Structure formats: C-alpha cells, structure tokens
Amino acid sequence: MGTEATAVTAAAPRLRRTLTLWDLILYGMIVLQPVAPMSAFGALSDRGRGHVVTAILIAMVAMLFTAISYGRMARAYPSAGSAFTYVAQEIHPSVGYVTGWSMVMDYIVNPLICVIWCAGQAHEFAPAIPVWGWKIVFAAAFTLLNLRGIKTSARVNAGLTAGMSAVVIVIFVTAIRYIFGHPHSDPNFFTRPFYDPQTFTWDNLFGCTSIAVLSYIGFDGISTLSEEAENPRRNILLATVLVCVVIGILSAFQVYAAQLIWPASEPYPNMDTAFTFVAGRAWVPLFAIVGFTLVVANFGSGMGAQLGAARLLYGMGRSNALPKSFFGAVDAKRHVPRNNVLFVGALALAGAFLLPALAGATTGYDLGANLLNFGALIAFMGVNAAAFVRYYLHEREKKVGNLLPPVLGFVICFFLWISLSPKALVFGAIWMAVGIAVGAWKTKGFRANLVDFELPPEE
C-alpha cells in the first residue's frame, strides 16, 4: 500500500525547478520594488523630520536579521510552504498552521491593495474608465500572467525591473545635474539628510524607522519559490539577503538625492505624492514619469505577491492543512497551482471592492497596508522562532551567530506588530479567529493531526 501511494505521489504533477539565483533576485526586487521608498517618502520625511536616509539604513539592518532566518530555514526545508513549513516542523504543527494562516492574509492582501492603488492611479491617467473598471483590469492581468507559468512570471519580472531601474537611473542623473547646478554655501548641506541637529530626536528617528521597515516586507516571498528554484539550499538564502541589501542601498540613495533636491524644511504640496514633486523639481517631465512608474511598480508587486500566495496555499494544501484536492493540485501543462492563482485573484478583486467599505474610507489602502503588516509580522516572528529552535536550541554548540539574528529579528517584529493601527489589530484578530476555528473543525478540536507533511524531492 505504501509503495502504491509513493508511486501515485511521484506520478502527480509537481512544481519544476527552473528558477536561477538571478530569477529569485529579480522576483524579490519586483515585490519589494526598486522604487520602494517613493510612495511613502512624504510620510517618512514628515515622521522623521528629514532623517529618512538614516531610517532606511537602520531598517535594512533590522530586517536582515529576519532575512537570515528565512534563508537558513529554506536551507533546511526547501518547500513552497515557507514559514508555515518551517514553524510546523520545528515548533509544532498547530503553531505552523497559525503562522501559515497569517501569511495567507499577508499574501492575499498584498495583491488586493496593489489592485486598489493601481486602479486609483490609472483612473487619474485615463478617467474615462471608472475606478471599478480598472480594478477588474488589474486583478485579471495579475491572474492571467501568473497562469502562464513561473518562467513567464520571471520574464515579466525581469522586464518590469529593467524599466523601473531605468527610471531610477534617470532620476539619479537629473538629481546630480540639479544639485550641482544649484550650489549651496551651507557646509552641512551634503550631511544634513543623515543628521540634522536642529530637528533630530531619537523619537523621530525610531518612528521613521518603524515606517521604513515596512517598506522591506515582501522579501519573504522568495522562500515560497523554494520548490521551483535551482539549488534552493544555497540560492534562497543568498537571494533573500542580497535583495534586502540591494533594495536598502538603492532606497537610501533615492531618498538622499530627494532630500538634497527638496530639503525637509520645505513643505510638500501633497504628502502622499511628495516624491513626484521632488522628481518634477529636478526635471519637469519626471513628474508624470514617476507617477506612471509607481503604477508599474505596484503592478509588479501585486503580481509577485499573488504568485507567492498561490505557492503558499499549495504548500498548505499538499500538507492537508487546507483541502488537498483543491489547494494541493498542480496544473499538468503549466506546472502551476492554477486553482490557487484563480482563488487569490478572485479574493483580490472582491477585497478591492469590499475593503473601502470596511475602512470607511475612499480607497481602503491604509487599512489594507496595516492588515498586510499584521500577517507578515506574525510570520516573521514565527520564522525567527523556528530558526532559534533549530540552529540554537537543537545544536550542541551554542553559537552567538545562531542566537542573535533570530532573537533580534523576533523582538523587532514584535514591537512593530503591536504598533499597528487599532482597526488593523481588530480585523487581523478576526481573521486569525476564523483560521483557528477552521483548524479546530478539521481536527475535531485539535485532537487529530492538523498537517500531514509531504516535503518535495530536492532533485
């Protein structure tokens, strides 16, 4: 009987290992976005009283601890289940299920808010199409592209990354021309974005850093591609850490240039679109170019998040934490979890219409962003805890290098989590309660096994 089951499992369609290290890096960069700090630049500058560069760099170091934990756990478990698998295997299946359920919210809300943001911005460019029409367009585009297969998604990611990188280069060139074309006598002009004694306080810096850290959320999506990555034990760790470093440094350069062009002491016409005004000051055509680029960035981020969500649901479905016949199935032709892609696309579209009503706001984007962070930070804490258990508690030799990253990563994520908006904590708690109820129903009050792991072959 066991032999027959093994034969059936081996014959079933699986995900294919076709993604190189470069593909993983591109995926991570498109989810985090090469223009990561542009959308939140106004809020960052206002909260930090101009110390955006310093906050971005501190946030990069902080998130590297969690990135290291993700990479190390992917080395131990190269599975599409990501945090769900890590926590369930190292701590307890029930805790892993709760972690996975929180990740489901994170990964579903990400494409949802990208649909909302892209639809609103696209409506500004083409008002003849109503916002609800743009929501349908973007939700359908995310879904159709992800149904084409993982290599198609990788090629789209490469194209989007190249386009955004080109815009970033243009911004840097025009910024240099503007900065040196407008000389200043202030001897501290070039260091003020890092430290301004007139406005600096630790409270402002840490407040700005708490916002800046959220700009890095999404790098964990790389680990959901473990079953489609070549040499996952090596490449997942490398890609996760490299993406955090590259995005962090690139973001620091962007906000540094922006603060030199438009000092924090000058108010912005609109805080939400502050960076577009900065770009327009450097070179007028950049005002529209940057606005369009941010649409492209959110398009890529939403598509990448849907891709990760589908793989996470596949990992949970295959392990029987969710109905296996639906969530654990792989399309034999495209080798993608088609049911999950369609499921996430439908939820993103429905949520794009529902969230504004729940938030009591025009778009619901702010509530969506906080809900995304609610799920992501729970998953981050879970992965750090799993890395601590595996690489420190279970090791005979207690190394400081195995202790500090997961502990510091857990503590940082916890304090960020409790600082989320009250409404997000309420809705997030409701989501978690529903998940726990589903888990209790599946296991008859948690008396039966919650998951039945089937880890993939490494090939």
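A cavity is a set of grid points where a 1.4 Å probe fits but cannot get out, and its lining residues have an atom within 4 Å of a point. The model described here is predicted.

**Cavities**

- The whole structure was searched, and 5 cavities of 30 Å³ or more were found.
- The largest cavity holds about 70 Å³ of space.
- Its lining includes Tyr 27, Val 31, Asp 106, Tyr 107 and Asn 110. Also in the lining of the largest cavity are Ile 217, Gly 218, Asp 220, Gly 221, Gly 304 and Ala 305.
- Helices α2, α6 and α12 each contribute at least two residues to the lining of the largest cavity, and α6 gives the most, with 3 residues.
- By class, the lining of the largest cavity consists of 5 nonpolar, 4 polar and 2 charged residues.

**The largest pocket**

- The volume of the largest pocket is about 1,600 Å³.
- A total of 47 residues line the largest pocket, and those nearest its centre are Ser 39, Ala 40, Trp 117, Tyr 365 and Asp 366.
- At least two lining residues come from each of α2 (21–32), α6 (93–125), α9 (202–214), α11 (274–282), α12 (286–318) and α15 (365–393).
- Helix α6 provides the largest share of this lining, with 9 residues.
- The lining of the largest pocket has 27 nonpolar residues, together with 17 polar and 3 charged ones.

**A nonpolar surface patch**

- On the surface, Val 407, Phe 410, Val 411, Phe 414, Phe 415 and Ile 418 form a nonpolar patch, and together they have about 500 Å² of accessible area.
- Phe 410 is found in helix α16, which spans residues 400–418. Its relative accessible area is 35%, so Phe 410 is partly exposed.
- Val 411 is also placed in helix α16. Because its relative accessible area is 38%, Val 411 is classed as partly exposed.
- Val 411 and Ala 297 are 114 residues apart along the chain, and their C-alpha atoms are separated by 30 Å.

**Salt bridges**

- The count of salt bridges comes to 7.
- One of them joins Glu 90 and Arg 390, whose closest N and O atoms are 2.8 Å apart. Glu 90 belongs to helix α5 (residues 83–90) and Arg 390 to helix α15, so this pair ties together parts that are 300 residues apart in sequence. Glu 90 is buried, at 9% relative accessible area, whereas Arg 390 is partly exposed, at 28%.
- Another salt bridge links Glu 228 and Arg 311, with the closest N and O atoms 3.0 Å apart. Glu 228 lies in the loop between α9 and α10 (232–261) and Arg 311 in helix α12, so the pair connects parts that are 83 residues apart in sequence. Glu 228 is buried, with a relative accessibility of 0%, and Arg 311 is likewise buried, at 0%.
- Within it, the side chains of Arg 192 and Asp 196 meet at 3.3 Å, N to O. Arg 192 counts as partly exposed at 25% relative accessibility, while Asp 196 counts as buried at 11%.

Definitions and conventions:
Residues numbered from 1 in each chain as written. Predicted model: local features only at pLDDT ≥ 70, side-chain atom pairs only at ≥ 80, totals over all residues. Heavy atoms only, no water. 1 Å grid on protein atoms, 1.4 Å probe; cavity = no way out; pocket = protein on both sides within 12 Å on 5 of 7 lines; lining within 4 Å. Points joined across faces, edges and corners; volume = space filled by probe spheres on them. Helix = DSSP H or I, 4+ residues; strand = E, 2+ residues; numbered from the N terminus. Nonpolar A, V, L, I, M, F, W, Y, C, P; charged D, E, K, R; others polar. Patch = residues over 30% accessible without salt bridge, like charges linked within 9 Å, V, L, I, M, F, W, Y side chains within 5 Å. Areas by Shrake-Rupley, 256 points an atom, 1.4 Å probe, with all protein chains shown as cover. Salt bridge = Lys/Arg side-chain N within 4 Å of Asp/Glu carboxyl O. Buried < 20%, exposed > 50% of the residue type's maximum accessible area, 1.4 Å probe, protein only.
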